[in-house]
Amino acid sequence: MSFQPQVDEQITLFGRTYKIAKHPAVVGIDIPYGQEGRQGIVYQLYTDSDKAALKVFRSRFRDGRTEGDTRYQYFPGLTVSERLKITKQNHKHLIETYEDLKQAVLMPWIEGPTWADILLEEQPLTQEESGVLAASLAYLLYMLEEQGRAHCDLSASNLILSHLAEQSTYPIELVDIEQMYDKNLEKPAVIPGGTKGYAPTYIKDGIWTAHGDRFAGAVLLAEMLGWVEEAVRFAKANDASYFDETDMHGEGERYQTLVASLRKHWGENIGHLFETAWKSNSLEECPSFRMWWEALPEEIKEESKRKYNKCLMEAKARLPEHKATLSAQERLEAARLLEQVGNKEAALREYQYMSTHMQYSSLWEDLKGLVNEKEVSSSFQLTDYIEAASIYEKNADWKSAIFLYDYAQKQFATDETVVQELSIISAQLQETQKLEEKAVKIEELEIAKQKIEAPFYIEREKKTSPFAATETKEPFRYKKWMIGAGASIGITLLLAASYYGITEYRYKSNIEAGKKAYNEMEYLEAEERFEKAAAIKETEDAYVKLAATYVMREQYQKTIEYLADLKAKGKISKRSALGAYFTGRAWFSLKNYDQAVISYKAALASKDGKLGDYRNPALRDLAVSYAQQGKSEEARNVLASIEQTDDRAAAFVNWIEGDLASVDKNYTYAIEKYKTASEKDPDTLRYKQLLGRAYVLANRTETDFAKKEAQFKTAIDILSSVRSADPNNAIVLGDLASAYSEAGGFYEVQSQLDKSAGMYNEAIKLYETIRQTGFSNDNLDLNIAALNGKLDRVDEAQAGFQRVLERKPNDGHAFMLYGLFLMDQKKYKEAFDALDKAEQFSNDAAERDLAKNRKQELKDKGFVK
């Protein structure tokens with residue numbers, strides 16, 4: 001069930017009960033206060049004493065990076081990083097009830113308007129207000145950039161002006177921080193592509209770099225500084241940004257107006273900085289934020305620095321200081337052990353931390369010489385302690401290893417998984433230490449026994465036997481040597497076995513956790529676990545499982561390069577069946593069917609016996625690859641080699657035969673095969689989905705009215721049943737929307753306009769549902785625009801087409817649909833021009849012919865000359 005809260009509904013999170021707030025701008029109706037953004041919806045929660053924010057992410061943004069990073073919690077302007085993530089571990093019942101609350105986060109509610117609100121209302125700012133806001137933003141971005149960090153999705157809507165609220169801390173706050181860049185962080189699954197009006201045109205594949213804020217930040221700073229001029233406020237492109245997407249890097253009127261305002265109010269240097277960023281060809285060419293901050297007037301520059309440092313100290317004081325539980329003696333010992341294994345930077349980090357925290361003030365004088373030696377990053381790294389502990393572990397220095405594992409548990413106490421893992425390792429080492437100590441005590445006891453003198457007592461003098469040996473034996477010395485050697489060998493074997501056992505445990509626990517996450521489709525978590533496993537123990541199994549997560553996360557090129565590198569280095573066999581299979585899967589997904597065929601054939605030919613359950617998928621993809629190459633006979637020969645030992649296997653073969661029939665556009669045969677597959681394996685929803693899709697495709701050439709109507713009804717019924725079982729699957733939603741849309745067209749031709757409108761409206765609802773899942777592309781916008789046109793919602797349709805064509809001015813398909821829409825609106829000249837571009841730019845020969853025919857139709861009817 002999806003999370004759709006009502007006003008004043010209660011929800012308990014992390015042991016505290018909140019209520020859902022009412023939207024303050026809506027009068028007369030109780031609507032929850034939710035702010036919808038690109039990544040999800042943020043609801044305002046409240047208690048009697050304070051407010052909080054609950055951010056519910058769309059499915060594609062639930063990638064494991066939703067939690068906060070403790071390294072940001074003391075940054076002024078990044079208050080939203082103080083957050084708690086909702087997981088199955090801490091809110092199992094809640095997630096079972098509302099699946100979309102998985103990885104949602106609870107965080108502080110930030111008061112104040114966004115910069116987008118200022119743009120929308122064209123609210124004037126004094127020069128002092130503009131300067132305060134710009135200097136505060138410049139200094140925060142300067143501090144982030146100095147530490148190799150970047151927000152990577154700066155825009156007007158992601159910048160809250162807390163300075164303008166009744167209560168404020170730092171003058172500005174950044175939100176939507178989930179995709180922040182940090183060299184120590186995992187690259188997010190979804191990389192920001194930038195926001196219109198703030199993204200440079202030279203960024204094609206998303207922004208995730210240390211310089212990721214330089215262009216968007218320059219635009220925001222210029223907007224803030226230039227806003228004092230009425231001409232700038234009047235010239236804005238829209239309510240979300242000063243510049244339109246088509247203005248980027250150009251020297252049009254908006255650009256000239258803004259630059260003139262910057263030079264007039266803030267000087268030549270500020271104007272030059274913006275010009276340099278605007279005319280850049282890469283983010284690296286844009287001025288740094290240090291340059292921006294230093295170019296501002298001295299008084300507001302120093303004021304922004306003073307506020308930043310004041311808020312920094314207040315934020316650190318507010319943090320739950322779990323690190324304070326570590327005494328000075330513990331920190332000094334950790335630093336000593338880190339330095340002893342050669343990690344001087346980590347040791348210096350400990351000294352540096354103590355030199356800035358009051359509870360260690362008694363050591364400040366002693367530490368002064370150390371911390372002045374070299375400044376290092378303030379971010380504590382778990383790997384520093386784990387690697388050092390492992391070195392001590394290998395050298396059987398159990399005391400030092402246990403100390404570091406226990407120390408790391410305290411240092412990273414907020415990470416439950418880390419604490420649990422390290423506590424298990426520490427407990428095992430303590431057991432090993434006890435066994436060793438016991439063995440040593442046994443040895444010492446035996447040695448002590450040998451030193452005990454024989455008891456003194458009186459006995460009669462004995463005569464020496466003439467047969468007595470002339471040399472005395474030394475049984476005790478021999479026995480002592482045997483005991484010592486036995487104990488030594490035993491301890492050595494014990495330590496080796498213990499170390500092996502701990503390593504094996506850590507490896508297996510990560511593999512099992514990765515498999516569990518993979519089966520639950522938590523691919524980012526699975527990737528992290530398999531990476532850890534591969535680092536602990538280099539095995540083909542760990543490498544291949546990691547490659548599988550890359551494939552599932554659609555990192556196809558990375559998969560190919562990763563497996564090729566492993567083969568080149570001899571880390572996996574060149575004849576590895578699974579290595580070849582996942583390489584083939586990546587090529588197949590990239591639609592490089594030639595390479596896919598080579599890889600799948602290698603996987604099937606491998607004799608290592610590890611292909612297992614992947615054999616049938618390999619045969620399936622190989623058959624489809626042959627079909628895409630136009631080699632139908634080879635494809636059917638592959639299918640003939642699949643063993644149909646049960647209904648599931650038979651369903652699988654029928655599925656592939658249906659796919660091959662679809663490639664040949666033989667939809668009647670495809671329907672027959674998909675139907676058989678669905679009957680033999682009713683639990684596999686994919687077969688039903690393909691069956692519903694095949695009915696829609698078959699109707700495109702069907703001429704019998706009654707049969708066509710029946711097939712649309714069947715398709716909609718089948719796809720609706722699939723949707724009910726998988727409600728957030730964007731592909732299923734798209735297939736169902738397509739069925740409604742084409743059924744609407746069918747009824748429109750029959751002049752059954754009420755039925756037609758009903759079908760079109762259902763299709764629009766489904767497309768909007770797809771958008772709510774976080775999935776969006778130009779085809780989605782085009783479909784909605786075309787449907788709005790069919791329903792005579794002319795303004796919505798026109799705006800939708802224009803948005804797509806602004807983004808993709810050479811999209812033949814978009815021009816085709818736009819041309820048909822304009823024909824319906826009797827705007828024949830504009831329609832002819834759009835159809836002409838469709839004929840020029842479309843990649844589809846049938847679409848080009850259609851555009852040509854419609855142009856001729858307009859000429860024949862005398863609508864155009």
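This briefing covers cavities, aromatic contacts, salt bridges and backbone angles in the structure above. The model is predicted: local features need pLDDT of at least 70, side-chain atom pairs count only at pLDDT 80 or more, and totals for chains, interfaces and linings use all residues. Residues are numbered from 1 along each chain as its sequence is written, and side-chain values use heavy atoms, with hydrogens and water left out. The structure holds 39 salt bridges. The count of aromatic pairs comes to 38.

**Cavities**

- There are four cavities of 30 Å³ or more. A cavity is a set of points, on a 1 Å grid over the protein atoms alone, where a 1.4 Å probe fits but cannot get out.
- The second largest cavity has a volume of about 50 Å³. Grid points are joined across faces, edges and corners, and a volume is the space filled by probe spheres set on the points.
- Its lining includes Cys 152, Asp 153, Leu 154, Tyr 198, Asp 213 and Ala 216. Lining residues have an atom within 4 Å of a point.
- By class, this lining has six nonpolar, three polar and two charged residues. Ala, Val, Leu, Ile, Met, Phe, Trp, Tyr, Cys and Pro count as nonpolar, Asp, Glu, Lys and Arg as charged, and the others, Gly among them, as polar.

- Cys 152, one of the lining residues of the second largest cavity, has phi near 75 degrees, a positive value in a residue other than glycine.
- Cys 152 is found in the loop between β8 (149-150) and β9 (159-160). Helices (H or I, at least four residues) and strands (E, at least two) are DSSP runs, numbered from the N terminus.
- Cys 152 is buried, at 1% relative accessible area. Buried means under 20%, exposed over 50%, and partly exposed in between (1.4 Å probe, protein chains only).
- His 249 also has a positive phi, near 70 degrees, and is not a glycine. His 249 is in the loop between α5 and α6.
- His 249 counts as partly exposed, at 22% relative accessibility.

**Aromatic pairs**

- A pair of aromatic rings is described by the distance of the centres and the angle of the planes. Rings of Phe, Tyr and Trp (its six-membered ring) pair if their centres lie within 6.5 Å; planes under 30 degrees apart count as stacked, over 60 as edge-to-face and the rest as tilted.
- The total is 38 aromatic pairs. Tyr 202 and Phe 215 have ring centres 6.4 Å apart and planes at 80 degrees, so the pair is edge-to-face.
- Tyr 202 lies in the loop between β11 (181-182) and α4 (214-226), and Phe 215 lies in helix α4, so the pair ties together parts 13 residues apart in sequence. Phe 215 is buried, with a relative accessible area of 1%.
- Tyr 581 and Phe 582 have ring centres 5.0 Å apart and planes at 75 degrees, so this pair is edge-to-face. Tyr 581 is buried at 5% relative accessible area, and Phe 582 is buried at 5%.
- Tyr 202, Phe 215, Tyr 242, Phe 243, Tyr 255, Phe 274 and Trp 278 form one aromatic cluster.

**Charges over rings**

- The charged end of Lys 301 sits over the ring of Trp 293, 5.3 Å from its centre. The criterion is NZ of Lys or CZ of Arg within 6 Å of the ring centre and within 35 degrees of the ring normal.
- The charged end of Lys 537 sits over the ring of Tyr 507, 5.1 Å from its centre.

**Salt bridges**

- Side chains of opposite charge can pair when their charged atoms come close. A salt bridge here is a side-chain nitrogen of Lys or Arg within 4 Å of a carboxyl oxygen of Asp or Glu.
- Lys 264 bridges to Glu 229, with the closest N and O atoms 3.4 Å apart. Lys 264 lies in helix α6 (residues 253-266) and Glu 229 in the loop between α4 and α5 (230-235), so the pair ties together parts 35 residues apart in sequence. Lys 264 is exposed at 60% relative accessible area.
- Glu 538 bridges to Lys 571, with the closest N and O atoms 3.6 Å apart. Glu 538 lies in the loop between α17 (523-536) and α18 (540-552), and Lys 571 in the loop between α19 (556-568) and α20 (577-589), so the pair ties together parts 33 residues apart in sequence.
- Glu 538 counts as exposed at 56%, whereas Lys 571 is partly exposed at 36%.
- Lys 765 and Glu 762 meet in a salt bridge (3.6 Å, N to O). The two are three residues apart in helix α29 (residues 753-772), separated by about one helical turn.
- Lys 765 is exposed at 51%, and Glu 762 is partly exposed at 31%.

Definitions and conventions. On a 1 Å grid over the protein atoms alone, a cavity is a set of points where a 1.4 Å probe fits but cannot get out, and a pocket is an open set with protein on both sides within 12 Å along at least five of seven lines; lining residues have an atom within 4 Å of a point.
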